[in-house]
Amino acid sequence: MNQTFRALRIHNDDQGYRAGVEEMQASALTPGELLVKVAYSSVNYKDALAGTGKGKILRRFPLNGGIDVAGYVAASTDPAFKEGDSVLCTGCGLSETRDGGYAEYVRLESKWTIPLPAGLSLRESMIIGTAGFTAALSLYRMQQNGQTPDLGPIVVTGATGGVGMLAIDLLTRAGYSAHAITGKTGQFDFLIELGAQQCIARKELYWGQRPLENAHWAGAIDNVGGDMLAGLTRVIRPYGNIAICGNAGGIELATTVMPFILRGISLIGIASAGTARSIRDDIWQHLADDWKPRNLNKIATKEAGFDELESIFAQMLAGDSFGRTIVRIG
Ligand SMILES: NC(=O)c1ccc[n+]([C@@H]2O[C@H](COP(=O)([O-])OP(=O)(O)OC[C@H]3O[C@@H](n4cnc5c(N)ncnc54)[C@H](OP(=O)(O)O)[C@@H]3O)[C@@H](O)[C@H]2O)c1
């Protein structure tokens, strides 16, 4: 393919760190068996860090941004895929070591490319994207460690963000009672529409400082880290699980051994980008079927083009995210 196409390309060189829309050719893309015509990408917190240089996400330069991508195979050297197949990829080095999804074309490694599962459209797969995959991976690993709906409610922090909203929706779909902690008290009604059984204002949280406080929840999906995560360790019921997804509120964790040796709680680390292929396949099957969030169209609060990404990144890093932004490309 010789024609030029548009991409949001990120540079870090003598002229400094910068991202902007450029024309490029497929011959300049990082290699892969599949050339994919991109239909949609999405915006995750990591994309905002990469696009602004506020976090060290890219490990080589220049690269196209976008850790998520969905589109159609335009050419394949792997017989497992043929022209026209609908595919998606999240994480797996996109916008870290490989060109990502903020481009009209991307080359993907076939070993990390997921055929679009029946039950999802390309657009829906990108409303879910890394955020929904991360929420689902959290539930998957919590269940592997014994979490079941009858143990009690699961609390979700950073509830109005992408991971948070999708976690509330898919927990509800999977039969759990989801509770929400948010800094945006004006969005309680919205979170209840997604399935939250109870909403708590972040500012009004007070759990006490003893190593063990009254246990409120059977588990947690935490996007915030820092004091929030430390507090959660003190209020999770015996043998409950906390899936640690994010650090929107800090990277420190000050706690004691007491919740672990007296209540048997578990901290489960979630690293979506490096998830094994077999687990990826299982999770996308769940997301297309029994865990498919019921409110994807509500959660997709914005559909953006290349030109709007800069302001969306800034809003996200300021903690003002609300739901998922999908990026319309094809
Ligand atoms: N481990 C992984 O594999 C993985 C994958 C995806 C994302 N993540 C991480 O998960 C987190 C959420 O990602 P996302 O894409 O959902 O981001 P997002 O859409 O920006 O959501 C983050 C949410 O966190 C809350 N928040 C923001 N700043 C905060 C602060 N200073 N203190 C407390 N809460 C704050 C806000 O929710 P409220 O206003 O409702 O409180 C915000 O909407 C990020 O830290 C991201 O890096 C990790």
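**H1 against H9**

I started with how helix H1 (residues 45–52) sits on helix H9 (residues 309–317) in this predicted model. Their axes are 9 Å apart, and the packing angle is about 115°. I noted the crossing of H1 past H9 as left-handed. On the H1 side I listed Tyr 45, Asp 47, Ala 48, Leu 49, Gly 51 and Thr 52 as the contact residues, and on the H9 side Phe 313, Met 316 and Leu 317. Sorting the residues of this contact gave me 6 nonpolar, 2 polar and 1 charged.

I then looked at Asn 44, in the loop between strand E3 (34–43) and H1. Its relative accessibility is 6%, so I put Asn 44 down as buried, the cut-off being under 20%. I found two side-chain partners. The side chain of Asn 44 makes a polar contact with that of Ser 42 at 3.3 Å, and another polar contact, of 2.9 Å, ties the Asn 44 side chain to that of Arg 324. Leaving out residues up to four places away in sequence, I have Asn 44 touching Ile 67, Asp 68, Thr 130, Ala 131, Met 316 and Arg 324. Met 316 also turned up among the H9 residues in the contact with H1.

**H5**

Is helix H5 (residues 226–234) enclosed or open? I count it as largely enclosed by the rest of the structure, because 8 of its 9 residues are buried. Those are Gly 226, Met 228, Leu 229, Ala 230, Gly 231, Leu 232, Thr 233 and Arg 234. For what they pack against, I wrote down strands E9 (154–157), E10 (178–182), E12 (217–222), E13 (236–244) and E14 (266–269), plus helix H6 (258–262).

**Ligand**

I found 27 residues around the ligand, and the closest are Thr 182, Arg 202, Ile 270, Ser 272 and Ser 321. Which atoms of Ile 270 come up against it? A backbone N or O atom of Ile 270 lies 2.7 Å from a ligand nitrogen. Cys 245 also has a backbone N or O atom 2.8 Å from a nitrogen of the ligand. With Lys 184 I was looking at the side chain, where a polar atom lies 2.8 Å from a ligand oxygen.

I picked Leu 287 in helix H7 (residues 277–288). At 0% relative accessibility, Leu 287 counts as buried. Again skipping residues up to four places away, I see Leu 287 touching Leu 120, Ile 128, Gly 132, Phe 133, Ala 136, Leu 170, Lys 292 and Pro 293.

Asn 2 I checked next, in the segment before strand E1 (4–13). Asn 2 is exposed, with 68% relative accessible area. Its C-alpha is 43 Å from that of Tyr 140, with the pair 138 residues apart along the chain.

Most residues other than glycine have a negative phi, and most peptide bonds are trans. I therefore noted the exceptions I came across. Phe 61 and Pro 62 are joined by a cis peptide bond, with omega about -10°. Pro 62 is in the loop between H1 and strand E4 (63–64).

Cys 92 has a positive phi, near 55°. Its loop runs between strand E6 (86–90) and strand E7 (105–108), and I have Cys 92 as buried at 11% relative accessibility. Ser 95 lies in the loop between E6 and E7 too. Its phi is also positive, about 60°, and Ser 95 is buried, with a relative accessible area of 1%.

Note on methods: Residues numbered from 1 in each chain as written. Predicted model: local features only at pLDDT ≥ 70, side-chain atom pairs only at ≥ 80, totals over all residues. Heavy atoms only, no water. Axes fitted to C-alpha atoms, helices over the stretch in contact; angles between N-to-C directions. Helix = DSSP H or I, 4+ residues; strand = E, 2+ residues; numbered from the N terminus. Left-handed = near helix turned anticlockwise from the far one by under 90°. Contact = heavy atoms within 4.5 Å. Nonpolar A, V, L, I, M, F, W, Y, C, P; charged D, E, K, R; others polar. Buried < 20%, exposed > 50% of the residue type's maximum accessible area, 1.4 Å probe, protein only. Near = heavy atom within 4 Å. Polar contact = N/O pair within 3.5 Å; in protein donor to acceptor, adjacent residues only side chain to side chain.
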